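Dear colleague,

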Amino acid sequence: MTTATLLLLLLCYIVNVSCVALPPKVFNVMAYGAVNDGTKDNVKAFSAAWKDACEYEGRGRVVIPRGVYALGSVIFTGYCRGTMSFIIHGSLRAPTDRKSFSTDTWIGFRYVEYLTIKGGGYLDGQGHVAWHYNDCHTNFKCGKLPALQSLRLDFVRNSWIHHIRSIDSKNTHMNIFACHNITISNVRINAPADSPNTDGIHIGSSAGIRILNSTIRTGDDCVSMVSGSRGIEVASVRCGPGHGISIGSLGRSHAEEPVTDITVRDTTFVSTDNGVRIKTWAPSDATSASNITFRDIDMIAVANPILIDQVYCPSGNCLEAQSNVEIRDVVFKNIRGTSSSEVAVKLHCSRARPCRNVKLIDINLPYRGPRGKSRAVCVNALGSSSGIQIPSGCL
């Protein structure tokens, strides 16, 4: 035995880990008492399977076979001794009792590294039982809104979600918070266009997140990126219906982290309420959004295809308040298709902190409607236009 091998074995002994590569091991939830009849709650069985898999020093594979599994709110927690796979072949069904609506997580993963979630199965949020409670825009006496997010990752690193389908979430479908190096690919997210607050993928305080080769149809933003989003890539995504892909809204809370190094590319929007959008509250606290690129994008009958909105104020009571969010170094390049709104390009920046170094390059967005040609509107925006400009550049 070599000196190097002896030293490695000694190190493994000191830190109390195994140096022997163990084979993957399956932890089938059925062996822990799970019932796939769609009615009996399976939190206890799923949690027991996760616990044993998490303590295994090789790759633990929690497997949910085909069938329909009722599942209450559950959080799977690390740190685990080996790498983890959560393999969903069946359909997981969220609770429908109203008391479950107040918690913010249906299925959560926390403090896990090297996690894979896959299997081709469904997360059925059963949102139809909750959406009608979300009526605060018309009912001033409304109660606490349904907050149950279908899948939430907190403090998860170096992980991969792929070939999963999320339908009819009560609130956000996937929430990524304080995570690092996560790839989400080949996912399908679906909810009706009028379902409230059903964002597809919401990202905050996270770095190195990639969303690839996915389809998102929902009632809110397909993808939203808020405070502390850094190094985010969205590519080859089909969005619509929905509110588009948004950075923000920013500036509502005190001491928000900057948003920077964002790329949205090779993406298609179909009949969405917005295309690519940066939105900040007015008034707002100071923060920034910078080094942002939207490129190689197709718009099909999209309202507000290109939008910077620094007077975001859903209540309409903001009067002359100005945003203190600094927006700079933003590129809109090779964006083509059709606009369903006469104003195809709107850059409405803050008088207090005008947008700087905004570039419009090869924009081709004719308006298909009764009011003539498409228009561009720029307010407090500094930058340049080059290449094809339909509508005529306003920078």
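A salt bridge here is a side-chain nitrogen of Lys or Arg within 4 Å of a carboxyl oxygen of Asp or Glu. Please bear in mind that this is a predicted model, in which local features need pLDDT of at least 70 and side-chain atom pairs count only at pLDDT 80 or more, while totals for chains, interfaces and linings use all residues. Residues are numbered from 1 along each chain as its sequence is written, and side-chain values use heavy atoms, with hydrogens and water left out.

The whole structure holds 15 salt bridges. One of them joins Asp154 to Arg110 at 3.6 Å, N to O, and this pair links distant parts of the chain, since Asp154 lies in strand 11 (residues 149–154) and Arg110 in strand 8 (residues 105–110), 44 residues apart; strands are DSSP runs of E, at least two residues, and helices runs of H or I, at least four, both numbered from the N terminus. Asp154 counts as buried at 5% relative accessibility, where buried means under 20% relative accessible area, exposed over 50% and partly exposed in between (1.4 Å probe, protein chains only).

Arg295 pairs with Asp296, their closest N and O atoms being 2.7 Å apart, and Arg295 is partly exposed at 30%.

In helix 2, the buried residues include Val43, Phe46 and Trp50.

Best regards
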